[in-house]
Amino acid sequence: GYSYQLSLKLLQAIFRSPRQIPSLARGVLIEATRTKLSLAFITFLLLTLPLVPVLIDSESPLRHQIQTLLSRSLGISFAIAAFLTVFLGCATVAFEIRDRQIWQILTKPVSRIGYLIGKWLGILALNLAVISIAGATTFLYLQFLRTAPVAPGLQGEFDRLAVNEEILTARIESSPVYDTLNNEQVAARVEALIEADPELRDEDSIRVQLRQKLREEVQEQFLARQRSISPIRGGVYSQNYKFTGLQQAKKIGTPLAFKYRFHIGQSDEHETYQAGLVYNGDMATRHTVTYIPTMTHVTMVPAELINDAGELVISIYNLYEPPPTYAGRGTISFDKGGIKLLYRAGNFEGNYFRAMLVLWIKLAFLAALALAASTFLSFPVACMVTLTVFASGTLAPFLAESLEAYVPPSTALIDFTNIAHIIEWSFENIIKAIAQGIVWMLDGFGAYRPTDNLVNGMLVSWGSVLHGFLTIGLVWSGLVLAIGTAVLRKRQLAIYSGNG
C-alpha cells in the first residue's frame, strides 16, 4: 500500500505541468486517489494479492505451486486492473459530462483530442503503478518460493529440475515439418473420391463449396496419416519427424525437451505403453520411453545431436505388439501439436518483464475503449459495452476454435416451404456471422496471453511485445480515441439559454 501511494505521488510529480495533456493526466491520478470507486478496487487488490500464497497447496509438487502462484496472482491482478480501468475510464468522462464539469475544461484552451489523450495517459500511469506493484509483489514471493524444499529422493530432484528448466525459463517451441500435397495431387485425390462415390459421380456438376471441402479433408487426412504409427506386425513400424531452425538451440548448448502426448487403443489412463526414440537415424541413440495415453511426457535430448544445418530428425517406433484377438489395433496417434521440441532462449526475469509490458499494453486499449464509449453513452451503459468488448476479445481465440465445428445447414438442404427450417437456418447463420465478426475484430487481443506463456515457461519475445505495442497500443487505441474525439466534436455539450 505504501509503495502504491509513493508511486502515485511520483507520477503526479512527473505530470506536474501547465500544459493541457499532462495536467489532465495528473487530474486523473488525483481522482483515482479520492473517488470511492477507484479506492475500492485498489483496496481489494492490496488485500487479495497477499492471500494468494496462503491458498496454494503446500503438499503439491513445487512446480505446481509456482505455476499456481503465477497463474492466480497475475490473473487476479490483471482482472482487477481491467475492471478499475473500465470503471474509472467511463466515470472520468461520463460524470464530467453529466455534472457539467466538462464546461470548465473545454472552455479553456483544451482541444477535444487533448482532453481524451490526457485522460488516457492518466489511466495508463495508474495502470503502470498497479501492474508494477502487483508484478513486483508476485516476483519477490516467487524468489522465496523457488527455494522451498522439495520431496526427498529422485522425485524431488526431478521436481527441482522441472522448476528450473520448464517453468522459470524462457523457451521456444519447434514443431515438426510435415509433408503436404500440392494442388495437382489434391485435385487428383478429390476427383478419385468423386468417381468412387456413386451419388457424386452421377451429378452433372459438383458445387465449388463441396470441392473445397473435399480438398480440405484430403489434406487433413494426409497430415493425420503422418501423425499415426502402426504397431508391430512381424517387425517394427516407425515415423520420422524433422525439426528445423534449431541453430540457436545448438549454439546455446542446453538440452532440448521433447514433449509428446500419444493416443493408443482406448486411451486408458490406467495403462502404460512403450515407444522407441532414435535421433538422426543413428541406432546407437535408440532408447525406450514409457508413456501413459493422453498424458504429456517429456524426454531430454542433448543439443549436440542437432546437425550443422540446425536440423534434428526424431524417429518414433511403436513397440506395442497387439495380441491376435486385437489385430489391426494399437496404432499410436497424436493431435496437432502433439509432439514438439522446446529449448531455452532466455531467462525468466526478462520474460517476466516483457509479460508485464504486454498486460499493460492490453490495459491501454481497454482504457481508450472506455473513454471513447463514455463520450456518447451514460456511465452504466458505457461500462457494459466496454466489458462486453473486453470479454469478447478475451474469448475470441476459443470462439475461433468453436467456429471450426459450427457448421450451419447448407442453403441447398433447406426446405423454404417450412417456416421452422427457415428460422433455424437464419438464426444459425446470423450467430455464425456475429461470431466471425468478433473473431475478425478482436482475435488479436485475445491471442496475447503472456500469463499462459509464463506458467508454461514459454518465451514472450520482444517481437511480440513490439507487435502488440504497434497494433493494440497505437493503432487500435488511436482509432478508438479518434472515434471518441469525433463524437465530442459533434456533440453539443452545453446550451446557453441567454437568461441568467
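Predicted model: local features only at pLDDT ≥ 70, side-chain atom pairs only at ≥ 80, totals over all residues.
Residues are numbered from 1 along each chain as its sequence is written, and side-chain values use heavy atoms, leaving out hydrogens and water.

Let's start with the whole chain. Its secondary structure comes to 16 helices and ten strands. Both are DSSP runs numbered from the N terminus: helices are H or I with at least four residues, strands are E with at least two. Along its principal axes, the C-alpha trace spans about 100 × 75 × 40 Å. Of the 500 residues, 40% count as buried; buried means under 20% relative accessible area, exposed means over 50%, and partly exposed is in between (with a 1.4 Å probe, protein chains only). Take the contacts between residues at least 6 apart in sequence: 79% of them join residues at least 24 apart. A contact means heavy atoms within 4.5 Å.

Back to α16, which covers residues 462–490. Its 29 residues should span 42 Å at 1.5 Å a residue, and its end C-alpha atoms are 40 Å apart, so the two agree. The expected span is 1.5 Å times one less than the number of residues. Among its buried residues are Val465, Gly468, Ile472 and Leu488, and what covers the buried residues of this helix includes α6 (112–145), α12 (348–374) and α14 (419–447).

Now compare helix α13. With 27 residues, α13 reaches 38 Å from its first C-alpha to its last, close to the 39 Å expected. α13 bends by about 55° at alanine 396, and proline 397 follows within four residues. Both Ala396 and Pro397 are on the list of buried residues of α13, which also includes Phe379 and Phe390. The cover over the buried residues of α13 includes α3 (36–48), α4, α12 and α14.

Phe379 leads us to the aromatic rings. The structure holds 22 aromatic pairs. Rings of Phe, Tyr and Trp (its six-membered ring) pair if their centres lie within 6.5 Å; planes under 30 degrees apart count as stacked, over 60 as edge-to-face and the rest as tilted. Phenylalanine 87 and phenylalanine 379 have ring centres 6.2 Å apart and planes at 50°, so this pair is tilted. Phenylalanine 87 lies in helix α4 (residues 62–98) and phenylalanine 379 in helix α13 (residues 379–405), so the pair ties together parts that are 292 residues apart in sequence. Phenylalanine 379 is buried, at a relative accessible area of 19%.

Another pair, tyrosine 273 and tyrosine 320, is edge-to-face: 5.5 Å centre to centre, with 75° between the planes. Tyrosine 273 lies in strand β5 (residues 273–279) and tyrosine 320 in the loop between β8 (312–318) and β9 (332–333), so this pair ties together parts 47 residues apart in sequence. Tyrosine 273 is buried at 12%, and tyrosine 320 counts as buried at 19%. Both belong to a cluster linked by ring pairs, which also includes Tyr178, Phe258 and Phe334.

Arginine 286 lies over the face of tyrosine 317, 5.1 Å from the ring centre. A charge sits over a ring if NZ of Lys or CZ of Arg is within 6 Å of the ring centre and within 35 degrees of the ring normal. Lysine 362 does this with phenylalanine 445, its charged end 4.7 Å from the centre.

Next, the strands. β4 (residues 256–260) and β7 pair in the antiparallel sense over five bridges; strands pair if DSSP finds at least two bridges between them. Lysine 259 stands opposite valine 298 in β7. In a regular strand, side chains alternate between the two faces of the sheet. In β7 (residues 297–301), His297, Thr299 and Val301 make the covered face, with Val298 and Met300 on the uncovered one.

One last stop is proline 231, in the loop between β2 (228–229) and β3 (237–243). Proline 231 is buried, at 2% relative accessible area. Leaving out residues up to four places away in sequence, proline 231 touches residues including Tyr237, Asn318 and Tyr320.

Terms used
Bend = angle between axes of the 7 residues up to and from the residue.
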